[in-house]
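Here are my notes for your read-through of this structure. Have the sequence and the 3D view open, and take the points one by one.

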Amino acid sequence: MRNRHNLAVVLSAVVLVGCAALILSQGVNAAGEGKITGTVKLDGPAPHMKGIDMSKDPYCSKAHASDPAHYETYVAGANGGLANVVLYIDGWTGAAQASNAVLVFDQRNCMYTPHVLAMDTGESFKVQTSDQTAHNIHPNPNPMTGNIPWNQSQPPGSPPVEKSWKATEFIPVKCNIHPWMNGWFAVVKGPYATSDENGNFTINNVPPGNYTVTAWHEAAGTQTQKVTVAAGAAASANFTFKAK
Amino acid sequence: MRTRLEKWSLLLSAAAVFVLPTVSSAQLSTSDIDTRLGTESHVGNITGHAKDAKGDYRRYCVGCHGPLGDGNGENAPYMQPPMYQQPRDFQLGIFKCRSTPTGTLPTDQDLYDAITRGFDRSNMPQWNTLSKQQRADLVAWVKHFSPRWVGEKPGTPIPIPPEPEVTAERIKAGRDVFARMQCWKCHGVQGMANGPSASTLQDDLGRPIAAFNFTDGTRPKCGDTDQDIYRIFMTGLDGTPMPSFADNIKPDEAWDLVFYLRTFMSQKSKEKEMAKQLALKPVDPNAPAGQQ
């Protein structure tokens, strides 16, 4: 009887100490972590993006009746900022990132939103459809990396597909029904960011230290830059890509 | 007498014919593959051993599938898509005909069935002339080309409930499923493989591929029993544009769809008779959702 009592006390003490340590360590991390922020620019004028002929599917062409669709290989803002560039830390050895909001890859008006979805290895994401026409969602990774291709139908009203990827890879995604639909799953390790339409990005939750930041663009290639992140501060990294 | 230029251009174009169609995807070397010579397969109560299939593979398979199992055998360049699909790349471990969900490995039985059945509209013949043991050994041999089988298990087969009785209601319900899933986008409203997206289809290696034409008398590649057809659209054919519908079609509806698909096929069937009596019209691609 007494023994059992002792055990309970010891166990609860262990749990309490454990919780305290966890809270403390998180607190320390949050205060000490810095971030990397910057802008990605495109050198020179943005390449002309071809318009997309969606006449084979009246639903799609109607959705773009007033606002014709274009390919999204290069999406550049008025200030020359380059969108859809994935920024991440090369050779990240830290822990997996705590999942932010649920990542969503939406099939909307017969295009992918976002065009590039960045994620950590093992991080789950949702593929959903907002369209009243059937799609199939068909990522095509190289199975030798450990990422296995799959192909799921997404007729109107489909439930979202929830998935994750094992290995780092830039995975092209397409819809075989609408051959113009193409996008990317950018699977990286550690903290990441994707540049917005003005080319701006912020990689959050980076502990102090020296890093190599990699910027990846689906057509313009990759660039790297060394940065030093100080505790609680923002380091800056700016990139300029040339269109290929 | 040909000029030197003529000779060279002839030679070059001849070379191009041989080089261009070969999509090289070989990524593994013989020494890497040899580490998996101990691979086994289990088909019913037969255990297959990869090392016992070496001779049979050399004799019967290597001409198309190649010594490295990457589908680049010496005959491969002559199999031109979309009419003839090129041989499978076993190194990738991706297979069309599975009983398992999309993105998972097939079972040993699936591979055994594929070898036994062969593939209609392709150069892959039926190998039911080989003994069961030989075929089981070849299954193990096929598996040993891909590292996927080392760390991964086959998927859990998609369950197929017992086939219900065909009724006129079920065929009509199947027509609704066909419309709702928009199968016609590739397969056409009459199953003639002439849907609006049919002409732009490509396989995972970027080669043109045709949708299945239900009406021309050929058989589906992954078998032509009602169960096979059920399995094909529920699992999807990995490596091709055909997706899995397992998340979107309920088991009962799946049978309805099987019966409706039978009405397209040229072979005589109860379904075809019933459809004639019902005077079923093809689905209307322009009808609003749910109003066929």
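1. Start with strand β14 (residues 209-217) of chain A, which pairs with β15(A) in the antiparallel sense over 9 bridges. Two strands pair here if DSSP finds at least two bridges between them. As for the names, helices (H or I, at least four residues) and strands (E, at least two) are DSSP runs, numbered from the N terminus.

2. Now zoom out to the sheet around that pair. It is an open sheet of 4 strands in chain A, in the order β12-β2-β14-β15, and the pairing is antiparallel. Its edge strands are β12 (192-194) and β15 (221-229) of chain A, each of which pairs on one side only. From one strand to the next, the twist averages 20 degrees. Angles run from 0 to 180 degrees between N-to-C directions, and the axes are lines fitted to C-alpha atoms, for helices over the stretch in contact.

3. Before you go on, a word on the ground rules. This is a predicted model, where local features need pLDDT of at least 70 and side-chain atom pairs count only at pLDDT 80 or more, while totals for chains, interfaces and linings use all residues. Residues are numbered from 1 along each chain as its sequence is written, chains are lettered from A and ligands numbered from 1 in the order in which they are written, and side-chain values use heavy atoms, with hydrogens and water left out.

4. Chain A also has an open sheet of 4 strands in the order β4-β3-β6-β9, and here the pairing is mixed. The edges are β4 (111-113) and β9 (161-163) of chain A, each pairing on one side only. Inside this sheet, strand β3 (residues 103-108) of chain A and strand β6 (residues 125-129) of chain A run in the parallel sense over 5 bridges. One bridge to find: Gln107(A) has Thr129(A) as its partner in β6(A).

5. Cys110(A), in the loop between β3 and β4 of chain A, has a positive phi of about 60 degrees although it is not a glycine. Is Cys110(A) buried or exposed? It counts as buried, because its relative accessible area is 0%; buried means under 20%, exposed over 50%, and partly exposed in between (1.4 Å probe, protein chains only). Next, check the bond between Thr113(A) and Pro114(A): it is a cis peptide bond, with omega about -5 degrees. Pro114(A) is found in the loop between β4 and β5 (116-120) of chain A.

6. Then try Asp43(A), in strand β1 (residues 34-43) of chain A. Asp43(A) counts as partly exposed because its relative accessibility is 39%. Leaving out residues up to four places away in sequence, Asp43(A) touches Thr240(A), Phe241(A) and Lys242(A). Contact means heavy atoms within 4.5 Å.

7. Over to chain B, which has 11 helices and 2 strands. From the N terminus on, the elements run α-α-β-β-α-α-α-α-α-α-α-α-α. Chain B has 292 residues, and 50% of them count as buried.

8. Last stop: Pro243(B), in the loop between α9 and α10 of chain B. Pro243(B) counts as buried because its relative accessibility is 8%. Leaving aside neighbours within four places in sequence, Pro243(B) is in contact with residues including Asn136(A), Asn151(A) and Phe233(B). Pro243(B) and Thr102(B) are 141 residues apart in sequence, yet 7.8 Å apart in space, C-alpha to C-alpha.
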